[in-house]
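Take a look at the sequence and the model below.

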Amino acid sequence: MKKTILFGAVIAMISATAAFADMQQVRMGTEGAYPPYNFINDNGEIDGFEREVGDRICELAELECTWVKNDWDSIIPNLVSGNYDTIVAGMSITDERDQVIDFSQEYFPPDPSAFVGLKGASDDAINGVVAAQTATIQASYVASSDATVVEFATPDETVAAVRSGEADAVLADAGYLETIVAESNGELIFVGERVAIGGGIGIGVRESDSDLQAKLNAAIDTMKADGTLNALIEKWFEGREGPY
Amino acid sequence: MEFCAEPAALEGAKWWLCYLSTPKHQEFYFSFLTVLALIFLVAPITLLLGFGGALARRSSFLPLKWFGQIYTSMVRGVPDIVFFMFVPIAMDQGLEYVRHRILCPEMTGPVYQGNDFVVCTVAKLPLSISPQWVHETYGFFLAVIAFSIVFGAFAANTLDGALNAVPHNQLETGRAYGMTNRQVFRRIQLPQMWGYALPGLSNLWMILVKATPLLFLLSVEDVVYWARELGSSKSSIFDYPHPDWRIWYFAALLVFYLLLTWFSEKAFTRFRNWFSRGQNSHTGQIVLEAG
Amino acid sequence: MSCGQTILDYGLRSIGIGARLLPKTDITLCEQIVLIGSGMIWNVYLALIAVIFGFFAATLVATGKASNNPFISRSANWFIFLFRGSPLFIQFFFGYELFVILPKIGIDIPLGFTTITLETGWFTKAWLGALIVLFLNTTAYTAEIFYGALRSIPRGDIEAAESFGMSGYKRFRRIIWPTLLRLAWPSYTNEAIFLFHATALVFFSGFPAWQQRGDAIYYGNYFAEKTFNPFVAYPIVAGYFILVTLVIIFLFSIVNRRLNRHLAPERRSRIRYRPQIIR
């Protein structure tokens with residue numbers, strides 16, 4: 001018991017000295033391949049909705065943030081092993097993930113997933129061959145439905161599979177698919193009903209980092225209250241209204 | 001370039017010029033150098049590790065011998081890709097754990113708290129306050145070590161075989177002249193060995209070159225990472241929207257690797273010819289045969 | 001759930017027999033070992049078929065490379081250069097991209113038989129598409145090994161065969177072929193191991209997994225992602241690969257002994273010590 005107290009005291013001391021000397025350093029992990037949530041722009045920088053939200057949160061919580069790219073596959077193992085301190089990568093809050101890491105409160109409301117097929121596809125497409133990104137909630141959703149799931153490593157390949165006729169439909173976050181469908185010149189269309197899988201999107205942090213979690217929550221509270229979060233959602237997701 | 005300021009208004013050659021010179025593309029071009037740097041760093045370390053492994057296998061000190069045998073046969077039995085999936089993370093955590101124990105002796109709590117691997121702030125590698133390039137360089141060196149361990153095992157096999165291939169009568173002759181075992185090894189076996197090892201080592205170089213696309217598994221932003229990233233279809237959020245062009249970027253990689261292996265092959269042939277000139281005809285013969 | 005039940009549910013999961021859903025929560029060690037082992041079926045299948053077909057194709061390509069006809073020898077050379085000079089990773093990418101275009105071309109041709117469109121669809125599946133890429137790859141490497149062996153067959157052997165009146169196919173079958181195999185076998189053992197290890201790349205970056213049916217590393221990846229811990233699943237994958245590699249070495253050494261049985265012991269060992277890794 002004594003040990004834990006001492007342990008906590010040391011941590012508090014270290015963070016206190018750090019805050020005194022400099023602002024707390026936080027490394028923000030993201031995938032960089034999921035526009036408009038996060039992507040690498042032509043200048044080679046991380047850009048997108050989550051970049052702006054993250055930067056604003058860091059400003060409010062007085063954190064000094066650096067952005068780090070990491071593949072989707074290993075994004076959680078690298079968080080728990082300490083390569084970065086947060087995951088800001090369009091990650092839905094699910095029970096499975098919550099057992100391993102903690103989440104801040106949501107900064108994006110639960111986004112229903114949507115099916116997209118080729119022009120002329122009927123609603124039956126969603127029971128045919130459905131493409132999804134490996135290790136996403138959509139992949140495990142399709143795996144437990146009647147449809148045949150095909151898994152690809154990147155979100156881009158899942159859409160490419162529909163274009164090539166390899167898959168009848170793709171299941172992904174509606175926010176990701178909307179721009180793609182809008183700019184496909186009618187080649188791609190939404191099919192079937194949207195399905196609600198998973199919760200809203202939150203920032204993932206290590207379970208041992210409750211301090212940081214509290215700071216992030218407070219900052220998100222402020223952004224929800226003053227309307228900046230709504231404004232960012234409306235800026236990056238065309239035709240959506242800020243829900244907060 | 002000034003005229004690149006408004007990408008949407010560009011057309012034809014100008015569009016291409018601007019597109020191919022974006023900072024993102026410059027990172028792509030730079031990543032080719034990363035790959036080359038990795039190959040040229042890994043090669044000498046591999047040779048050292050291989051030499052150590054071969055000597056360990058031939059050691060008369062049993063634990064060392066077992067270590068050498070286990071090292072070479074273990075790595076030989078596992079695909080490099082599986083190896084890369086967990087060994088770098090293990091190395092990283094191992095290093096941080098050691099630093100944690102040395103730098104923060106006052107913290108006695110477990111480093112594994114549930115799923116989290118937690119070490120004190122000063123034990124982190126690199127420190128979280130270090131700039132991004134330090135993190136990237138650290139990741140790159142982890143990759144260099146991971147590659148070297150894998151290919152060191154192959155090199156150990158090759159060098160061990162080559163040491164065995166030196167004709168016994170040559171070693172006997174050395175001993176007959178009153179040389180000690182160590183002298184025989186250094187003056188006869190070692191110099192003669194290279195002729196036998198060269199074909200195997202040049203092959204190993206080729207394997208190394210062709211294993212570098214796996215670098216992206218080690219979170220190094222290599223040519224494959226950028227080819228995928230740049231080639232994937234781009235919506236109008238980006239300055240230069242385009243459909244799925246991955247095939248063209250991978251074609252560039254294909255050409256890069258074909259050129260690299262072609263030049264390597266030429267260089268090795270030259271080197272081999274040069275090397276076998278000074279050798280006695282028997283070895284020269286074998287070298288030519290094996291090549 | 002007992003481990004026996006797990007074996008029934010997941011032992012053949014990778015080929016679509018057994019439970020439909022993969023384990024999601026409270027993953028046990030037994031589940032990891034069984035499911036990853038089930039994935040090994042793919043690795044063994046792909047390596048086995050590619051090596052068997054590659055063996056015969058490589059003989060053709062090697063004799064082609066040694067041919068006096070410049071057209072044949074040059075095309076064999078180019079084939080070998082293309083597949084030996086580029087990483088398998090990139091070959092898988094192009095293989096998949098090429099196979100994906102196939103059905104579209106098939107639709108354009110007004111043949112209209114359902115059977116044909118069905119068949120072109122198979123190419124994008126790993127069991128055929130990845131197999132073809134692996135087959136071409138191993139053919140190129142093996143051909144280079146066989147070609148090297150072909151050139152080092154002692155001239156006296158061939159001349160002796162001629163003086164016995166053997167020529168053409170008979171000489172090849174009785175003299176050249178067995179000697180070639182004997183000389184090439186140590187390197188060829190290496191190639192078989194390399195190819196087996198290369199099957200780990202199939203689902204990793206090349207071909208998509210259908211209905212969550214994948215190879216050992218696919219399931220290893222799945223578990224590492226579900227348990228968020230790479231230190232259990234991947235060592236299991238590694239363990240399986242070491243086991244099968246040992247089996248390959250054992251089988252190939254039996255053949256090696258057979259190929260060398262007519263030679264005096266000291267000549268046998270000389271061949272084995274030629275330090276070569278051809279890949």
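In which sense do strand 1 and strand 5 of chain A pair, and over how many bridges? Strand 1 (residues 24–30) of chain A runs parallel to strand 5 of chain A, with 7 bridges. Two strands pair if DSSP finds at least two bridges between them. Strands (E, at least two residues) and helices (H or I, at least four) are DSSP runs, numbered from the N terminus.

This is a predicted model: local features need pLDDT of at least 70, side-chain atom pairs count only at pLDDT 80 or more, and totals for chains, interfaces and linings use all residues. Residues are numbered from 1 along each chain as its sequence is written, chains are lettered from A and ligands numbered from 1 in the order written, and side-chain values use heavy atoms, without hydrogens and water.

Now widen the view. In chain A, 5 strands form an open sheet with mixed pairing, in the order 5-1-6-13-7. Its edges are strand 5 (63–69) and strand 7 (102–103) of chain A, and each pairs on one side only.

Next, turn to chains B and C. Their contact (heavy atoms within 4.5 Å) takes 44 residues from chain B and 39 residues from chain C. One salt bridge crosses this interface. A salt bridge puts a side-chain nitrogen of Lys or Arg within 4 Å of a carboxyl oxygen of Asp or Glu. Here R246(B) meets E97(C), at 3.6 Å from N to O. Several helices of chain C supply at least two residues each to the side that touches chain B, among them helix 3 (70–85) and helix 4 (88–108). Helix 11 of chain C gives the most, with 9 residues.
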